[in-house]
Each structure stands twice: as C-alpha cells, then as structure tokens.
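Start with the cavity, then turn to a pocket and a helix pair.

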Amino acid sequence: MGEAANLLRDQVEIDFVGFVEGSRLFDNDADVVVCDGLVGNTTLKAIEGTAVMAEHLLLQQLHSARGLQRLLLGLLRPTLRRVRTALDTEQFNGAAFLGLAGVVYKSHGGASEVAFAHALRRTIESVKISLPGVIAQGLAAHQPGSTTA
C-alpha cells in the first residue's frame with residue numbers, strides 16, 4: 001500500500017476503505033474516491049455513457065409497451081422520473097480540482113448551457129466558502145502532532 005494510503009489509514013476520523021475497484025464504485029463503500037485525472041475522466045465518461053445508454057434502452061421499452069405493461073409503466077412513472085433525475089449528467093457536470101491554492105472547476109467540453117450553468121454555480125459556491133482554505137484547514141488539523149486533531 002502506498003504512503004498516502006498508510007497516512008489515511010492512520011487517521012481515526014476517516015473511515016478509509018482502501019482501494020476501490022471500478023466495479024464497486026456504486027456500492028456505497030466510499031463517499032470519496034481519489035484517482036488521477038486520466039482515470040477519473042475516463043471513468044466519468046464511461047459512467048455518463050452508460051447512463052445515457054440505459055435511458056435510451058428504457059425509453060425504447062416504454063414506447064413499445066402495450067396493454068397491461070403500459071398500465072404498469074404508468075404507475076411507475078414517478079419512480080422512473082426520480083431515477084432519470086438521479087442519472088442526469090447535466091446536474092452533476094464537471095469536478096473541482098483539489099490540492100490547488102485557488103478554485104478550479106473542470107466542466108465537460110461537450111456540456112450544454114444548462115450543464116455549464118450547474119458547474120458555474122458549484123464554482124461560485126466553492127469560491128464563497130473558500131474551498132481550498134477549508135480543505136487546507138482540515139488537512140492541517142489532522143497532521144501528526146497537530147494540537148487540533
């Protein structure tokens with residue numbers, strides 16, 4: 001295990017679960033998964049593509065439903081809307097770059113105006129709370145030998 005993993009494992013305030021396989025990203029084992037930019041970007045793009053594909057497949061099935069199936073789907077409509085909202089990539093466009101002195105938020109190059117607006121809103125919120133400072137204070141408080149830990 002790497003040095004960073006060992007440091008995280010030693011922190012009693014953090015429930016460090018160790019390395020997470022890509023197939024377990026949605027098992028709720030970890031609230032935060034850290035990776036390099038290439039892996040993170042590739043993973044996000046694959047997840048987004050899967051969500052879009054799943055939505056298209058579901059819509060195909062909904063449009064081809066007949067009789068009792070159509071009635072049952074009508075009853076499931078509110079649930080299906082909640083699932084669609086949860087998978088809406090426009091709501092969760094981009095990500096903050098961490099470890100920097102300032103706020104940098106990376107939006108997807110192909111983002112729609114709505115998606116970009118969501119990313120911009122998150123950037124503004126991060127600036128308002130001075131996110132880099134909040135992170136630095138949290139890390140400093142958990143350094144070995146810190147009096148605030």
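Ala96, Phe97, Leu98, Gly99, Leu100, Gly102, Val103, Val104, Leu131, Pro132 and Ile135 line the largest cavity. This is a predicted model: local features need pLDDT of at least 70, side-chain atom pairs count only at pLDDT 80 or more, and totals for chains, interfaces and linings use all residues. Residues are numbered from 1 along each chain as its sequence is written, and side-chain values use heavy atoms, without hydrogens and water.

On a 1 Å grid over the protein atoms alone, a cavity is a set of points where a 1.4 Å probe fits but cannot get out. A pocket is an open set with protein on both sides within 12 Å along at least five of seven lines. Lining residues have an atom within 4 Å of a point. A volume is the space filled by probe spheres set on the points, which are joined across faces, edges and corners.

The whole structure has 1 cavity of 30 Å³ or more. Helix α5 (residues 131-141) gives the most to the lining of the largest cavity. Helices are DSSP runs (H or I, at least four residues), numbered from the N terminus.

The second largest pocket is lined by 17 residues, and Leu58, Leu59, Leu62, Arg77 and Leu80 are the closest to its centre. Both α2 (37-64) and α3 (67-86) give two or more residues to this lining.

| Space | Volume | Top contributor |
|---|---|---|
| Largest cavity | about 60 Å³ | α5, 3 residues |
| Second largest pocket | about 420 Å³ | α3, 8 residues |

How do α2 and α3 pack, and at what angle? Their angle is about 160°, with the axes 11 Å apart. That makes α2 roughly antiparallel to α3 (angle over 145 degrees). Axes are lines fitted to C-alpha atoms over the stretch in contact, and angles run from 0 to 180 degrees between N-to-C directions.

Contact means heavy atoms within 4.5 Å. Glu55, Leu58, Leu62 and His63 in α2 meet Arg70, Leu73, Leu80 and Arg84 in α3.

Definitions and conventions: Parallel < 35°, antiparallel > 145°, perpendicular 65-115°, else oblique.
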